[in-house]
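Let's take a friendly walk through this protein together. Have your viewer ready, and we will go from an annotated site to the aromatic rings.

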Amino acid sequence: MIKIGITGGIGSGKSVVASLLALSGVPVYIADEESKLLTNTSPVIRKKLIELFGKELYTDNGLDRRLLASHIFNNPKQLKRVNEIIHPEVNRHFSTWVKRQNTPLCAIESAILFESSFNKAVDVSLMVYAPKELRIKRALSRDAVPKAEIERRINNQMPDEEKKERSDYVIYNDDKRALIPQVQYLIHHLLTQKHSSFI
């Protein structure tokens, strides 16, 4: 089985590409969704976060996300410590999920594929690329936040050029090139390439 890591910046359309892969029969693990679920359900994450921030971090309804956000906002050191707790558990969860799949291809979608080291759990990495101004425009139409906040989020992510450099494949979602043919080509290429050690 070939494992694909899908990444891209805010507004790049990585979720659209992930959906197209899913529609083509490729199971996709959405790391952001699973991460949120695991922070509520994983006893390992719960125990370590409570050790870090105190038992008030969890209520009867689960993780108090606002309280957690207040601890890590503008605090790179604390954010790093939280990520070091959550990312390994997501990685383990993904590995277990992969074992349940019975398809030649599967994928994980993660905005922080390289930053979280999830790229080490996949065989190939795919970046969904879109120009910055187009990404901002899409994010503004989707999220009810100011442009300055979108730009701050973009600036806090790994630069696009670095992601492109580190990725094995790039799909362009620039409103000029159709997405579906690019996704179909990627699937065909991966299934027919001679790297039989992947499968």
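What follows looks at the annotated residues, then at ring pairs and charges over rings.

Keep in mind that this is a predicted model.

Gly11 sits in the loop between β1 (2-7) and α1 (14-23). Because its relative accessibility is 7%, and buried means under 20%, Gly11 counts as buried. Beyond its neighbours within four places in sequence, Gly11 touches Ala130, Arg135, Arg138 and Arg142. Lys14, for its part, belongs to helix α1. With a relative accessible area of 12%, Lys14 is buried. Again setting aside neighbours within four places in sequence, Lys14 has contacts that include Ile6, Thr7, Glu109 and Val128.

Now turn to the aromatic rings. The structure has four aromatic pairs. In one of them, the ring centres of Tyr29 and Phe94 are 5.3 Å apart with the planes at 65°, so the pair is edge-to-face. This pair connects distant parts of the chain, with Tyr29 in strand β2 (residues 28-30) and Phe94 in helix α5 (residues 76-100), 65 residues apart. Both Tyr29 and Phe94 are buried. Through ring pairs, Tyr29, Phe94 and Trp97 form a cluster.

Finally, look at charges over rings. Lys164 lies over the face of Tyr129, 4.4 Å from the ring centre, while Arg177 lies over the face of Tyr172, at 4.3 Å from the ring centre.

Conventions
Residues are numbered from 1 along each chain as its sequence is written. This is a predicted model: local features need pLDDT of at least 70, side-chain atom pairs count only at pLDDT 80 or more; totals for chains, interfaces and linings use all residues. Side-chain values use heavy atoms; hydrogens and water are left out. Helices (H or I, at least four residues) and strands (E, at least two) are DSSP runs, numbered from the N terminus. Buried means under 20% relative accessible area, exposed over 50%, partly exposed in between (1.4 Å probe, protein chains only). Contact means heavy atoms within 4.5 Å. Rings of Phe, Tyr and Trp (its six-membered ring) pair if their centres lie within 6.5 Å; planes under 30 degrees apart count as stacked, over 60 as edge-to-face and the rest as tilted. A charge sits over a ring if NZ of Lys or CZ of Arg is within 6 Å of the ring centre and within 35 degrees of the ring normal.
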